[in-house]
Amino acid sequence: MVTTDVHARVAVRDDLRALAGYHSAQVDVDVRLNTNESPYPPPDSWRSELAAELANIDWHRYPDRNAAELRRAIAVWHGVEAAQVFAANGSNEVLQTVLLAYAGAGRTVATFEPTYQLHAHIARLTGATVVSGERAPDFRLDVSEIDRIVDACEPSVTFLCSPNNPTGLVEPRANVDRLLSTSAGLVVVDEAYAQFADWTALDLVEEAVPLAVVRTFSKTWSMAAARLGYLIAPSWVVAELDEVVLPYHLDAVTQLAGRLALRHIDEMGERVAHIVAERERVARNLGSLEVTVVPSGANFILFRALDRRGDAVWQGLVERGVLVRDCSSWRRLDGCLRVTIGTPDENDRFLAALADVLADAGGSAR
Ligand SMILES: *Cc1c(COP(=O)(O)O)cnc(C)c1O
């Protein structure tokens, strides 16, 4: 077979063959609460501003390589220097650029599991060795585990995720402080969901502190389709990232979309407050069902059905038109499902569907 021969000869890197990609099951149902997006589209005024400004783009020219106006707008919003801001195509490209610059072959990257799978995945793509610290059974991270990993592995990059995906738990400030005081490497706090939580590591960023905080426009900002994320870090970190990233990686439309979004900070703040209120309502209602709920500071909730198979509960929800994320086959997340907070109507449909699945005592979910 010719194609097989060619395939064997033109082989992918040996170290990549063992890696599984990152996938989220997509099923065509009415209520999609599986990928932590905003349930609402961006404001209408943002749409019309973007449409109007698109007419002024110099399409025959490369975009501003430094995304200077966008960086300045982000810097003003967070009260930092523009030189402390790096922007890229989604926070995933930010993470990749950080790992290309600070990880790579011969270096070690530390994560504390369970957490966002892409941290370890991208680290391995760069050729780095990944060491996985363990969270306690309630998913909290003990300081002694931080010390153990830092002492044993001397990681070049250590990730925390706050609020943590998929658990929803907010990382206590003490854990970030501990890492910063013990690790010689870069500490990266992924804050994709920080706006839904009550504290942020942004205030800890200083020129003399090896801390990078990563944010995204994909969740709160209702802009998952645009692919825009950023990082706040000491300017010497940002300068290294600028060396590593591809020239002109951030196109003119994305830069524009982000700049215009930052004119709508108040409206986005109101939406965050609304989603947080819905999250608390959903958590309260889950509390009256036969599930255990992990306290969430994000726009999603992780829960575990008591005495049920997680995949069967997931299937029961799909049959009732509701799609959530099935985490039950992931290591350390036995029986767990993750639901994104949607519109009040979507949340009601989820709660009703779940109550129905759990009441179906003779059904397949037992
Ligand atoms: C959703 C998510 C991101 C966002 O990735 P983008 O590339 O910005 O869409 C980053 N980190 C975590 C933990 C997430 O859950």
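Here are some friendly notes on the salt bridges and the ligand site of this predicted model.

1. A word on the basis. This is a predicted model, in which local features need pLDDT of at least 70, side-chain atom pairs count only at pLDDT 80 or more, and totals for chains, interfaces and linings use all residues. Residues are numbered from 1 along each chain as its sequence is written, and side-chain values use heavy atoms, with hydrogens and water left out.

2. The salt bridges. The structure holds 18 of them, a salt bridge being a side-chain nitrogen of Lys or Arg within 4 Å of a carboxyl oxygen of Asp or Glu. One network of salt bridges links Glu278, Arg281 and Asp348.

3. Arginine 71 and aspartate 242. These two form a salt bridge with their closest N and O atoms 2.8 Å apart. The pair connects distant parts of the chain, 171 residues apart: arginine 71 sits in helix 4 (residues 68–78) and aspartate 242 in helix 9 (residues 235–244). Helices (H or I, at least four residues) and strands (E, at least two) are DSSP runs, numbered from the N terminus. Arginine 71 is buried at 8% relative accessible area, whereas aspartate 242 is partly exposed at 27%. Buried means under 20% relative accessible area, exposed over 50%, and partly exposed in between (1.4 Å probe, protein chains only).

4. Glutamate 134 and arginine 332. Their side chains meet in a salt bridge at 2.6 Å, N to O. Glutamate 134 belongs to strand 4 (residues 129–134) and arginine 332 to the loop between strand 12 (325–326) and strand 13 (336–340), so the pair ties together parts 198 residues apart in sequence. Glutamate 134 is partly exposed at 32% relative accessibility, and arginine 332 is partly exposed at 27%.

5. Arginine 135 and glutamate 171. Here the closest N and O atoms of the salt bridge are 3.0 Å apart. Arginine 135 is buried, with a relative accessible area of 9%, and glutamate 171 is buried at 2%.

6. The ligand site. The ligand is surrounded by 13 residues, and the closest are Ser91, Tyr193, Thr216, Ser218 and Lys219; a residue counts as near if one of its heavy atoms lies within 4 Å. Helix 5 (residues 90–102) gives the largest share of the shell, 3 residues.

7. Atoms facing the ligand. A backbone N or O atom of serine 91 lies 2.6 Å from a ligand oxygen. Polar side-chain atoms also lie by ligand oxygens: one of asparagine 165 at 2.8 Å and one of arginine 227 at 2.6 Å. The protein covers 93% of the 390 Å² of accessible area that the ligand has on its own, by the Shrake-Rupley method with a 1.4 Å probe.

Definitions and conventions. A polar contact is a pair of N or O atoms within 3.5 Å; within protein, one must be able to donate a hydrogen and the other to accept it, and residues adjacent in sequence count only if both atoms are side-chain atoms.
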